[in-house]
Amino acid sequence: MDNESVTINFRRAEQYKLLTIQSGYVWDDDADLPLHRVVAEDSLGHAIDAGMNVHHIDHNKKNNTPKNLIVVSEWVHMLLHAAYHYGFFYGPGSLLVDPVVLVTRLRAEGIPFEWCGEDNANS
Ligand SMILES: [Zn+2]
């Protein structure tokens, strides 16, 4: 197992954490949770409901910046991966790896989501 010291840009505080890589995911040993869940909850300012998934928009499990993370239902999450792998909606590779394109599309479809890159501080 690799140990990596990674700087994460949290919304509410700059923090340094010792992180490990487990099954390709960055793991927050302090929280004992995958880092993307910790960053998502920190960015949104609330816990993520059970049954909701945190998706890496660009499909890079190591890119845990808030703007790369979106909370969707397990069903929508599965569709996003199908879109990425089989080219539904936007062709192979999919423009849905662009956060603005994805958020615009989900909004247009009326699909519930919470984008961690949204500025929630003033809403
Ligand atoms: Zn995903």
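Start with a pair of residues: Ile70 stands opposite Trp115 in strand E7. Before going on, note that this is a predicted model, in which local features need pLDDT of at least 70, side-chain atom pairs count only at pLDDT 80 or more, and totals for chains, interfaces and linings use all residues. Residues are numbered from 1 along each chain as its sequence is written.

Helices (H or I, at least four residues) and strands (E, at least two) are DSSP runs, numbered from the N terminus. Two strands pair if DSSP finds at least two bridges between them.

Back to the sheet. Strand E6, residues 69-73, pairs with E7 in the antiparallel sense over two bridges. Helix H2, residues 74-86, packs on the sheet and touches E5 and E6. Contact here requires C-beta atoms, placed from the backbone, to lie within 7 Å. The direction of H2 makes about 120° with that of E6. For such angles, axes are lines fitted to C-alpha atoms, for helices over the stretch in contact, and the angles run from 0 to 180 degrees between N-to-C directions.

The sheet is open, with three strands in the order E5-E6-E7 and antiparallel pairing. Its edge strands are E5 (52-56) and E7 (114-115), each of which pairs on one side only.

Now the whole chain. The protein has three helices and seven strands, and from the N terminus on they run β-β-β-β-α-β-β-α-α-β.

Next, burial. A residue is buried if 20 or more other C-beta atoms lie within 10 Å of its own, exposed if 12 or fewer, and partly exposed in between, with C-beta atoms placed from the backbone. Of the 123 residues in the protein, 24% are buried.

Is helix H1, residues 35-44, mostly covered or uncovered? Mostly covered: seven of its ten residues are buried. Those are Leu35, His36, Arg37, Val38, Val39, Ala40 and Ser43. Just after H1, Gly45 takes a positive phi of about 80°.

Two other residues belong here. Most residues other than glycine have a negative phi. Ser23, not a glycine, has a positive phi of about 55°. Ser23 lies in the loop between strand E2 (14-22) and strand E3 (25-28). Ser23 is exposed, because it has 7 other C-beta atoms within 10 Å.

Asp32 is not a glycine either, and has a positive phi of about 55°. Asp32 is in the loop between E3 and strand E4 (33-34), and it counts as exposed because it has 8 C-beta neighbours inside 10 Å.

Key
Contact = placed C-beta atoms within 7 Å.
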